[in-house]
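Open the structure and keep the sequence beside it. The walk below goes from a sheet to a helix, and then to a loop.

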Amino acid sequence: MADIRNFTLNFGPQHPAAHGVLRLVLELDGEVVQRADPHIGLLHRATEKLAETRTWVQSVPYMDRLDYVSMMCNEHAYCLATEKLLGIEVPERGKYIRTMFDEVTRILNHLLWIGCHALDVGAMTMALYTFREREDLMDVYEAVSGARMHAAYYRPGGVYRDLPDRMPQYEESVWKNAKAVRELNANRQGSVLDFLEDFTERFPTYHAEYHTLLTDNRIWKQRLVNVGVVTPERAMQMGFTGAMLRGSGIAWDLRKKQPYAAYDQVEFDVPVGVNGDCYDRYLVRMEEMLQSNRIIKQCIDWLRKNPGPVITDNHKVAPPPRENMKSNMEELIHHFKLFTEGIHVPPGEAYAAVEHPKGEFGIYFISDGANKPYRMKIRAPGYAHLSGMDEMSRGHMIADVVTIIGSQDIVFGEIDR
């Protein structure tokens, strides 16, 4: 009989299921994982250090590139921390727009997550379904900011501009004839709010399709149930947040516990798991998408009825409107100073956190009164989750490691930063 050999195996960084540049060193007994050692740092871009040499506003686009599937949520934490130091209040309409786009971003993130997670486990079709819906939401990003992903739409003091009255339209091309273009543009004739409202009406149907494909699928359940179980106590000890914590049965959601933006004005429920396994985390995130849809509906309703400013009128923080700038010397000076020198933030320190799609994403600032941060520290949720990888995968098969990585919803931009 052959001897049982222990292997040490490199899982990644080029493995398609390693989600980017994760190098996981696995110690195996046959096919059973004895130890998993994540090696990180292969996507390190020194974002925290770069922030020290950029003005407060110039660092906003760097936030989009941290967790590059939850762009606006990263910006939100950054802007909240800056506003805390400045002691300024965001106009009510700005708060609602932020709340709405945080939830659009949450749906975008979860759609990519479930598409890729299912793909890793072996369900090819999911990715095709979820990318169809992502396309619509990406168009909303494009309508407000001009970019499909890295929006830089939030600014300290509010948002860059009010919601536009028209949506980007498809045009005739070699690939799309006039009839196809008419059908594609049918729900794009109104404003961004009209288009989003149309999406919120359609989304529950799409969501039901995902449940049909996966939730009671025998293979899906065999791959997820009782894999990567984390007890509520361990989840808290390891610093898990977001769906990783709620999947273990702890109802902790910053939108409820420490409300920011307009979350205290909208109604939604916080889904909570029971067993703390990959299947429960899957169900939690699936339900979160429906709750996000519900919040978006409430925001659309409020935004229709309440016009108003979307960014603070303090011109030491936000630029004046362009027409004023071109006709008024005072405003011109404000504009010039803002774009050459930037905001001067009072000395002090502040931490602000948001309920990011992956967990608690926080930004900690130290300001010395200059026009750029003295120090910035990012609290990335994925970092804590990845550190639990060893404990979650011990005793499981190699195939289950893929499931666990997918269940953690890992994006390396924020882990390595």
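Two strands count as paired if DSSP finds at least two bridges between them. Keep in mind that this is a predicted model.

Start with the sheet. It is open and has three strands, in the order S1-S2-S3, with antiparallel pairing. Strand S1 (6–11) and strand S3 (32–39) stand at the edges. Each has a single partner strand, so one side of each is left without a neighbour in the sheet. On average, neighbouring strands are turned by 20 degrees against each other, direction ignored.

Now look at strand S2, residues 23–29. Seven bridges join S2 to S3, and the two run antiparallel.

The crossing is left-handed. H12 contributes Cys278, Arg281 and Arg285 to the contact, while H17 brings Thr403, Ile404, Ser407 and Gln408. By class, that contact has two nonpolar, three polar and two charged residues.

Finish in the loop between helix H16 (389–393) and helix H17 (398–408), where His396 is found. Is His396 buried or exposed? It is buried, because its relative accessible area is 16% and the cut-off is under 20%. Leaving aside neighbours within four places in sequence, His396 is in contact with Glu31, Val32, Val33, Asn226, Val227, Gly228 and Ile404.

Note on methods:
Residues numbered from 1 in each chain as written. Predicted model: local features only at pLDDT ≥ 70, side-chain atom pairs only at ≥ 80, totals over all residues. Heavy atoms only, no water. Helix = DSSP H or I, 4+ residues; strand = E, 2+ residues; numbered from the N terminus. Buried < 20%, exposed > 50% of the residue type's maximum accessible area, 1.4 Å probe, protein only. Contact = heavy atoms within 4.5 Å. Axes fitted to C-alpha atoms, helices over the stretch in contact; angles between N-to-C directions. Left-handed = near helix turned anticlockwise from the far one by under 90°. Nonpolar A, V, L, I, M, F, W, Y, C, P; charged D, E, K, R; others polar.
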